[in-house]
Amino acid sequence: MDRIATVVLTLIAALIIGTLIGLLGFILTQGWHKLNLDFLTSPPDIVNAGGGIGPQLFNSFYLLVLTMLIALPLGIGAGIYMAEYAPDNKFTQFIRMSIEVLSSLPSIVVGLFGLLVFVNMTGWGYTLFSGALALTVFNLPLLVRVTEDALRNVPRSQKEASLALGITKWRTIVSVILPAALPGILTGAILASGRVFGEAAALLFTAGMSSPNLNFADFSLNSPTSPLNPFRPAETLAVHIWKVNSEGLTPDARDVADGAAAVLIIAVLLFNLSARWFGTWVYKKMTSGSN
Amino acid sequence: MSVISVRELNLFYGNKQALYHINLDVEPNSITALIGPSGCGKSTFLRTLNRMNDSVPNTKITGVVKVFDEDIYSSSVEVERLRKNIGMVFQHPNPFPKSIYDNVTYGPRLHGMMDRHKLDEIVENSLKAAALWDEVKDVLKKPATGLSGGQQQRLCIARALAVQPQVILMDEPTSALDPISTAKIEELLEELKDTYTIVIVTHNMQQAARISDKTAFFLNGELVEFDQTPTIFQNPRDKRTEDYITGRFG
């Protein structure tokens with residue numbers, strides 16, 4: 001019986017690893033030949049072959065930055081509240097349930113909500129900013145959860161040591177608890193970044209499916225062709241893959257999609273690996289005697 | 001005049017009463033030991049003296065606790081000022097994951113001291129007072145977590161001293177340490193007594209007998225007997241005290 005269980009469980013583990021390696025291998029081998037500087041930097045072509053993914057790649061990173069600028073303060077703030085201030089009562093349970101429901105919403109539903117609120121009601125149209133807000137809704141539960149868990153994992157003795165010195169609760173949180181929880185929070189933030197980077201459904205109707213011809217010499221925040229303008233439509237890499245695959249007109253549409261998929265998967269992998277590496281690095285940095 | 005004066009103190013966790021009618025006075029520059037079996041309320045009592053029980057939900061307190069003649073549970077008392085004046089050392093050494101230097105300066109810096117020279121001075125004085133200076137003076141920038149358990153506990157004492165308290169509460173400070181480290185801390189307490197008033201919880205009766213001036217024996221949330229330490233150990237009035245110190249239970 002024990003032997004059978006061991007064999008079955010090992011097979012399941014092998015199946016998981018096999019699927020992952022197969023998937024990665026397939027996507028990477030399919031897209032490998034497209035990975036060159038020209039493909040990564042040039043704009044897409046609507047009719048002819050040879051278009052690149054430059055603006056989409058830029059949009060993905062810019063959207064990531066915008067989303068994190070909004071989502072991180074909200075998520076960390078809410079996490080601090082849940083871990084340190086929320087009293088143990090019905091209301092707190094209600095908040096916790098709301099966070100759970102929010103985290104289980106399908107991303108296409110979040111996208112449609114974004115279309116309704118951040119695109120139509122605000123009158124902005126398809127913009128980067130609408131996309132960032134939709135992705136904030138999408139990632140907030142994860143960030144709150146990660147922050148709360150990281151704060152709760154800080155030993156109680158650390159908190160008491162500071163309180164016993166006559167330090168206020170808030171300053172104890174800022175100078176002892178948050179630094180100790182930082183590696184965990186960072187890991188969560190980087191994992192959330194991976195989700196933002198790879199998200200398509202929530203962006204179709206918020207950040208839009210087109211990108212203006214970006215002028216990378218124009219840094220004004222309100223020019224329609226400026227890459228930094230947050231109130232312009234911005235098709236991201238993941239959305240581009242979906243669009244090229246479903247309605248691409250160019251003869252090399254399949255090639256472009258393969259290449260973009262490879263770039264996307266490499267980026268998401270990098271986020272995940274760097275999350276682990278960065279978390280341990282920060283932890284070491286924080287705990288050794290830096291001054 | 002007594003430094004700490006407790007009258008008719010009752011403490012409840014929800015519906016469960018943890019302390020019953022405690023009356024106790026602590027004299028300046030003395031060591032008062034709180035002894036008793038596990039769960040007798042001695043640590044709970046210690047934590048009422050600097051209001052560390054505040055953060056435990058559903059705690060209710062009746063009676064009066066006065067420190068330097070001020071009722072510390074009156075609504076006008078600022079709990080941060082109270083705790084600055086009453087330092088605490090815990091059962092397990094709990095240095096911050098920072099350097100030795102930063103551990104000692106943590107309190108003073110957060111209370112607004114920015115002067116580099118003054119901070120250096122505080123570090124040296126506090127570490128000397130905690131009998132740790134000679135061992136760490138060349139590695140002040142090294143992480144505190146690299147120190148031995150006994151050194152960490154003396155660092156925690158130095159950290160508490162750095163904010164210049166008048167009273168130091170200690171919650172079984174040597175129970176996690178080896179005998180040599182324990183002896184060092186006991187020796188240290190004798191010296192600290194000249195400057196500070198010390199209240200120490202210990203489940204080690206020999207320790208109480210060795211270092212304390214007065215001993216309080218707690219049992220099931222009651223203060224059974226409180227007297228000069230030699231009296232408690234050689235001539236206790238209460239049968240329960242005698243049973244406990246002769247090892248019949250606990």
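**Entry 1: one residue in chain B.** I started with B:Ile168 and asked which residues it touches, leaving aside those up to four places away in sequence. I found B:Gly87, B:Val89, B:Ala160, B:Leu192, B:Tyr196 and B:Ile198. A reminder to myself: this is a predicted model.

**Entry 2: the core around it.** Next I looked up the largest nonpolar core, which has 140 residues. B:Ile168 is among the residues with the most contacts inside it, and so is its neighbour B:Ile198. The others on that list are B:Leu34, B:Ala158 and B:Leu169 from chain B, with A:Ala134 and A:Ala260 from chain A. Which element gives the most to this core? I noted helix 6 of chain A, residues 128-152, with 14 residues.

**Entry 3: chain B as a whole.** I counted 10 helices and 10 strands in chain B. Its radius of gyration is 18 Å, close to the 18 Å that the globule rule gives for 250 residues, so chain B is as compact as a globular protein of that length. Along the principal axes, its C-alpha atoms fill a box of roughly 55 × 45 × 35 Å. Of the 250 residues in this chain, 47% are buried. I also checked contacts between residues at least 6 apart in the sequence of chain B: 68% of them join residues at least 24 apart.

**Entry 4: a loop residue.** I then went to B:Asn220, in the loop between strand 9 (214-219) and strand 10 (222-228) of chain B. Why does B:Asn220 count as partly exposed? It has 15 C-beta neighbours inside 10 Å, and partly exposed falls between the cut-offs of 12 or fewer for exposed and 20 or more for buried.

**Entry 5: where the chains meet.** How many residues does each chain bring to the contact between A and B? I have 20 residues of chain A in contact with 26 residues of chain B. On the chain A side, the elements giving two or more residues are helix 7 (156-163), helix 8 (169-198) and helix 11 (253-287). Helix 7 of chain A gives the most, with 5 residues. Sorted by class, this side of chain A has 8 nonpolar, 9 polar and 3 charged residues.

**Entry 6: the domains of chain A.** Chain A is divided into domain 1 (1-34) and domain 2 (37-287). Their C-alpha centres lie 28 Å apart. Each of the two domains puts 7 residues into the contact. On the domain 1 side I noted 4 nonpolar, 2 polar and 1 charged residues.

**Entry 7: the UniProt record for chain A.** The unreviewed UniProt entry lists "transmembrane region" at residues 7-28, 61-82, 94-118, 124-144, 173-194 and 259-278 of chain A. I checked two of these spans in the model. Residues 7-28 of chain A are 100% helix, with end C-alpha atoms 31 Å apart. Residues 173-194 of chain A are also 100% helix, and their end C-alpha atoms lie 28 Å apart. UniProt, again in an unreviewed entry, places "domain: ABC transmembrane type-1" at residues 57-275 of chain A. In the model that span is 73% helix and 0% strand, and its end C-alpha atoms lie 21 Å apart.

Definitions and conventions: Residues are numbered from 1 along each chain as its sequence is written. Chains are lettered from A and ligands numbered from 1 in the order in which they are written. This is a predicted model: local features need pLDDT of at least 70, side-chain atom pairs count only at pLDDT 80 or more; totals for chains, interfaces and linings use all residues. Helices (H or I, at least four residues) and strands (E, at least two) are DSSP runs, numbered from the N terminus. Ala, Val, Leu, Ile, Met, Phe, Trp, Tyr, Cys and Pro count as nonpolar, Asp, Glu, Lys and Arg as charged, and the others, Gly among them, as polar. The radius of gyration is taken over C-alpha atoms; the globule rule is 2.2 Å times the number of residues to the power 0.38. Domain bounds come from an automatic or database domain assignment. A nonpolar core is a set of buried Ala, Val, Leu, Ile, Met, Phe, Trp, Tyr and Cys residues joined through C-beta atoms within 7 Å. UniProt positions are given in the numbering used here, feature names are shortened, and annotations may be inferred rather than shown by experiment.
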